[in-house]
Amino acid sequence: MEHPLNVYNNLTRSKERFVPIQSPFVGMYVCGPTVYNYMHLGNLRTFITFDMVYRYLVHLGYKVRYVRNITDVGHITTEFDEGVDRIGAQAKLEQLEPMEIVQKYTNNFHDVLNQFNCIPPSIEPTATGHIIEQIEMVKQILENGFAYEADGSVYFDVRAYMQKHKYGALSGRNVDELFENTRELDGQDEKRFFADFALWKKASPEHIMKWPSPWGEGFPGWHLECSAMSTKYLGEEFDIHGGGMDLKFPHHESEIAQNTACCGHGPVRYWLHGNMLTVNGEKMSKSKGNSFLPLELIAGSHPLLDQGYSEMTVRFFMMQSHYASTLDFSNDALKAAEKGYKRFMTAIDALEKVKAGTASTFSVDDLRRDCYAAMNDDFNTPILIAGLFECVKQINLMLEGKAALTDADLSDFKSMVHAFVFDVLGFRRENESAGNTKALDAAMQLVIEMRRKARENKDWTTSDTIRDQLKAAGIVIKDTKEGVDWMLE
RNA sequence: GGUCCUGUAGCCGAGUGGUUAGGCAGAGCUCUGCAAAAGCUCCUACAGCGGUUCGAAUCCGCUCGGGACCUCCA
């Protein structure tokens, strides 16, 4: 692979050259959702981010195995709220079986990602489908002396682990400091040490989602499924692990500890974290009550919005910021993205109509080089988009006959632009009401011809009426030097 | 309280020890019958105070503001 891709590795807190363990194969694991409710835009941002990462790796020619889990076991909401888990609670609320809840919100998750043009992962394992693997892993960790059993539950023994390994490397945490700053002082119940976490949890009699195990009926700890499933499908060591910044601690930290306790070494070469989507500067989350559902955004039905925005506008909005930065969500920002995206895609579409010239007036190689440089610098999509706007400018100039490319350069330019816009950034043409476009185009040619005749006769009333009526119907007429064009608004 | 991130023009957002990011909005011009679209030009900012440096918005320190994690969370 001749492309020197650099990624920011959270494990080392530095940008590193990306070198797969076994090029051209790349293993990538991304933490998926707990399917107990509709996903909101903040969740969506993370999945769009790693969709872009996946797309770019594929574009570079890597053979990527992309694994993203579905967490369909309800994990306890707090340490002391025994027996209450998110999925179980939601099931009660909706008067459904827990697995009906899981199915309902898994479907929603898939539908939404599909709407936003995210490519499905290669493997999408569920936690409930890998109970045996998880139990096996707990057994191995116990055998290796990094866990202990207590009344039907099994806990990870952080102190034992710390004698041989570091705990807290990824999140930059010092366990002693953590201890000093832990607010909860009582109720540490079965745990020997405050930082210990459950690998297997004993289920109370009323708990519905539970499985038999060597320690009795119970369910796996939250962190365990990712360790077990990533190992199963990507091996003991793989290339990329992604997820939201908020999962860094304790989830990813514990994942590393579990894998290390089990196999003797860490599981992941490059840890990538997507940053949070904020609303008025604050993290979007359900508990804060500031979350948006994708549907509310598209329909514009949320109180904070004064209009709806299309899926691709939202995707563009997200791609205009770097994945590792927080992104603030607001009406004005969305509006700006909408206009920018429209201008952007209008030009990309118009590229099809550009005709080759006798000589090239600009360098396709330079533009291409800028685009790759942006992406190779830790997936810098905002810089890529800036580069593509330079392409937009050149397209518009070519349409006006003020710039040109030879036949060979033009097809090179087209494939380069298309690769970045559609394959890498994952934009998709909207307004493609397939089937009637041909008929509509024929009708439009007729209308345009009538308007042309009216203008020829200086019958401005007629020509302006045509233009205005079409505009009211959502069709925009564009008079260019090359002729008259039209587009759906 | 601890750990860490962050503060960029009207708005959104990149980046960087010395050279115009980009988008949106605004102003002017070109084109046009008038518009729209498009092109060109302008608006040239880096929280504050010190320090390092030939030179800092970029490095260091302090102050102020915002945020994340430390509990489930993408």
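Which residues line the largest cavity?

1. Basis. This is a predicted model, in which local features need pLDDT of at least 70, side-chain atom pairs count only at pLDDT 80 or more, and totals for chains, interfaces and linings use all residues. Residues are numbered from 1 along each chain as its sequence is written, and side-chain values use heavy atoms, with hydrogens and water left out.

2. Cavity lining. Arg-45, Ile-48, Thr-49, Met-52, Met-318, Met-319, Ser-321, His-322, Tyr-323 and Thr-381 line the largest cavity (on a 1 Å grid over the protein atoms alone, a set of points where a 1.4 Å probe fits but cannot get out; lining residues have an atom within 4 Å of a point). Two or more lining residues come from each of α1 (41–59) and α10 (311–319), and α1 gives the most, with four (helices are DSSP runs of H or I, at least four residues, numbered from the N terminus).

3. Among the 55 residues around RNA strand B, Arg-86, Trp-222, Gly-244, Leu-247 and Arg-467 come nearest (near: a heavy atom within 4 Å of the strand). Sugar and phosphate make up 65% of the RNA strand B atoms that come within 4 Å of the protein. Helix α13 (residues 381–399) contributes the most to this surface, with seven residues.

4. Polar contacts (pairs of N or O atoms within 3.5 Å). A polar side-chain atom of Asp-464 lies 2.9 Å from a base nitrogen of RNA strand B, and one of Ser-463 lies 3.4 Å from a base oxygen. For Asn-396, the partner is a sugar or linking oxygen of RNA strand B, at 3.0 Å.

Conventions:
Chains lettered and ligands numbered in written order. Polar contact = N/O pair within 3.5 Å; in protein donor to acceptor, adjacent residues only side chain to side chain. 1 Å grid on protein atoms, 1.4 Å probe; cavity = no way out; pocket = protein on both sides within 12 Å on 5 of 7 lines; lining within 4 Å.
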